[in-house]
Amino acid sequence: MITVTGKIEDATGAVLHARIDFTSQSTPLAGAGIVTTNTDVSIRSNPSDGTFSVQLAPGSYQVNISAEGQTTSFTIAVPNGSGFAAIDTLTTSPLLYPFVAPNTVWNRVLNGNITVSAIANPPAPTTAAVVYSGGHQTSAS
């Protein structure tokens, strides 16, 4: 079994005393005459520093971290073997927020409230040659 370790903090860096649920996504497993059933685990992070440590059997897990009324979910894959692994090295779903620029524009005010509506993308720009018949800078006339 692998010992999964980590630390739970909020966006400001303050440690959180969180409930962490590891729900097996890859059981039951069968092999060598043995059937391994669910290995779901619920733990709490250390209230003084936010750290945690849990031994998990190999497989895929849905991880739910609940603290201060908020829940974060992601998946991890625990390999065969023994030893320690930081939870962020086992993730199989992104943990970063991919920022995408908005494609909406504030287009009006209705009853004192700003409303936001999607608008169509503008057409592609076009170019045209400019012909000036009045001469040019190096002209003697």
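Colleague: What share of the chain is made up of buried residues?

Modeller: Of the 141 residues in the chain, 21% are buried, a word kept for under 20% relative accessible area with a 1.4 Å probe and protein chains only. Bear in mind that this is a predicted model, where local features need pLDDT of at least 70 and side-chain atom pairs count only at pLDDT 80 or more, while totals for chains, interfaces and linings use all residues. Residues are numbered from 1 along each chain, and side-chain values use heavy atoms, leaving out hydrogens and water.

Colleague: Why is Ser-45 called buried?

Modeller: Its relative accessibility is 1%. The limit is under 20%, so Ser-45 counts as buried.

Colleague: Which residues is Ser-45 in contact with?

Modeller: Contact means heavy atoms within 4.5 Å. Leaving aside neighbours within four places in sequence, the partners of Ser-45 include Ile-8, Leu-16, Ala-18 and Phe-52.

Colleague: What makes the pair of Ser-45 and Ala-18 a polar contact?

Modeller: A polar atom of the Ser-45 side chain lies 2.8 Å from the backbone nitrogen of Ala-18. The rule asks for N or O atoms within 3.5 Å, one able to donate a hydrogen and the other to accept it; residues adjacent in sequence count only if both atoms are side-chain atoms.

Colleague: How do you know that β1 and β9 pair?

Modeller: Pairing takes at least two bridges found by DSSP, and four bridges join β1 (residues 2-7) to β9, running parallel. Strands themselves are DSSP runs of E with at least two residues, numbered from the N terminus. The open sheet has the order β6-β1-β9.

Terms used. Buried < 20%, exposed > 50% of the residue type's maximum accessible area, 1.4 Å probe, protein only.
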